[in-house]
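Me: Hello! I have just opened this structure and would like to get to know it step by step. Could you walk me through it?

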Amino acid sequence: MKLCQTLRNADRFRTVFDFGGREVAHWFPGHMAKGLKQMKANLKNVDCILEIHDARISFKTSHSELGFYFDLNKPHLLVLNKMDLADLSNKQKILKKLENDGVRNVLFTDCLKQRDDNVKKLVPLVMELIKTGDRFNREENRDYCLMVIGVPNVGKSSLINALRRTNVKKGRASRVGGEPGITKAVLTKIQVSERPLMYLLDTPGVLPPKIESVETGMKLALCGELNTELSWTIWWVKMLFVVFISRLPYSSLFGCFVCRYVEKYDLQEPSDDIQHVLKRIAVKLRKTQRVKAITGVGNITVTIPNYTAAAYNFIRAFRKGELGQVLLD
């Protein structure tokens, strides 16, 4: 009943957000530039490229700087990871859009699962792509080498560990973490299959020096692929929440999400009033802070909601999938 009422009232929400002429924060530290050079230098020793995207923003997590492999005719497989967090009710539409962009080889994965049938399909699919292409200077090599690329925190290291767990029955070989920037250099070869003998190069996540739009930056930051801790101010954290809350309630595809966040934080209904929503969340979580206020009779200490803590809690809940499966593209 609450969902039906929400969707009927959807026209009350803003369809766009005024960013006031602000530009998106950029994050392109030195290890990214160095990593990109290393990737290009190692490309001649690679048989196939594995490009990893976050399935929630499958069209926003790549950029022209990572398109260098197309010039060399390298076989290419797009892996849409974190499928457990994405709304894939219309998977064919996603595949169709990718095909229109020239991407035909796509695999959905959830690399954190101990058993993922899709991960088992990766090596046979890669072998099929390699056999249909030309290995050039690697024709005589009996082993195969892959390179995994993508923006930070999309699960490149998790994919490597999942392949090792599935194919060679060994533990993780690459560090993983919930924040971007864990891998900072192109590593040595890591074995991910015995038959056929296959190795994989882990690489650092690389973002474009200039992100194309504020909205793209917002989506990357929401999914934890832009380092907000290092380069984004508290204002941007709040803005992330505003954009997220104001854009999602429009489509019935987000019905599950609407119910989840309204119920989780005891809201009466969805709202794009940032002050109201953050206050409700702060009250629910008992997130408050004491500040000094100047009055006509002197300074007094008052307790107010901690809006920043409320915003961080909401974003963390989204990243963990606690607010349901969504698709931001």
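Me: Are aspartate 47 and arginine 135 buried or exposed?

Reply: Happy to start there, and please keep in mind that this is a predicted model. Aspartate 47 forms a salt bridge with arginine 135, with the closest N and O atoms 3.0 Å apart. The pair links distant parts of the chain, since aspartate 47 is in the loop between α2 (30–42) and β1 (48–54) and arginine 135 is in the loop between α4 and β4, 88 residues apart. As for their cover, aspartate 47 and arginine 135 are both buried.

Me: Which residues are linked with Asp47 and Arg135 in a network of salt bridges?

Reply: In general terms, side chains of opposite charge can pair when their charged atoms come close. Here, the network of salt bridges that holds Asp47 and Arg135 also links Arg138, Asp143 and Lys189.

Me: Lysine 189 lies over the face of which residue?

Reply: Lys189 is one of the residues in that salt-bridge network. It also lies over a ring, at 5.7 Å from the ring centre, and that ring belongs to tyrosine 199.

Me: How many salt bridges are there?

Reply: One of them joins the side chains of aspartate 54 and arginine 56, at 2.7 Å from N to O, and both of these residues are buried. Another joins lysine 284 and aspartate 266, at 3.1 Å. The count of salt bridges comes to 8.

Me: Is lysine 284 buried or partly exposed?

Reply: Lysine 284 is in helix α10 (residues 274–285), and its side chain meets that of aspartate 266 in a salt bridge. Buried would need under 20% relative accessible area, and exposed over 50%. Lysine 284 has 40%, so this residue falls in between. Its class is therefore partly exposed.

Me: Why does lysine 82 count as buried?

Reply: Lysine 82 is placed in the loop between β2 (76–81) and α3 (91–100). Not counting residues up to four places away in sequence, it touches Asp54, Ala55, Arg56, Thr109, Asn153, Val154, Cys223 and Glu225. The cut-off for buried is under 20%, and lysine 82 counts as buried because its relative accessibility is 17%.

Me: What is the relative accessible area of valine 154?

Reply: Valine 154 lies in the loop between β4 (144–149) and α5 (156–167). Leaving out residues up to four places away in sequence, valine 154 touches Ile52, His53, Asp54, Asn81, Lys82 and Glu225. Valine 154 is buried, and its relative accessible area is 0%.

Me: How far apart in space are glycine 224 and valine 154, C-alpha to C-alpha?

Reply: Glycine 224 lies in the loop between α6 (214–222) and α7 (228–231) and is buried, at 3% relative accessible area. In sequence, glycine 224 and valine 154 are 70 residues apart. In space, their C-alpha atoms are separated by 8.6 Å.

Me: What is the phi of asparagine 153?

Reply: Most residues other than glycine have a negative phi. Asparagine 153, in the loop between β4 and α5, is not a glycine, yet its phi is positive. The value is about 65°.

Me: Which residue does a cis peptide bond join to arginine 195?

Reply: Most peptide bonds are trans. This one is cis, with omega about 0°.

How values were computed: Residues numbered from 1 in each chain as written. Predicted model: local features only at pLDDT ≥ 70, side-chain atom pairs only at ≥ 80, totals over all residues. Heavy atoms only, no water. Helix = DSSP H or I, 4+ residues; strand = E, 2+ residues; numbered from the N terminus. Buried < 20%, exposed > 50% of the residue type's maximum accessible area, 1.4 Å probe, protein only. Contact = heavy atoms within 4.5 Å. Salt bridge = Lys/Arg side-chain N within 4 Å of Asp/Glu carboxyl O. Lys NZ or Arg CZ within 6 Å of the ring centre and 35° of its normal.
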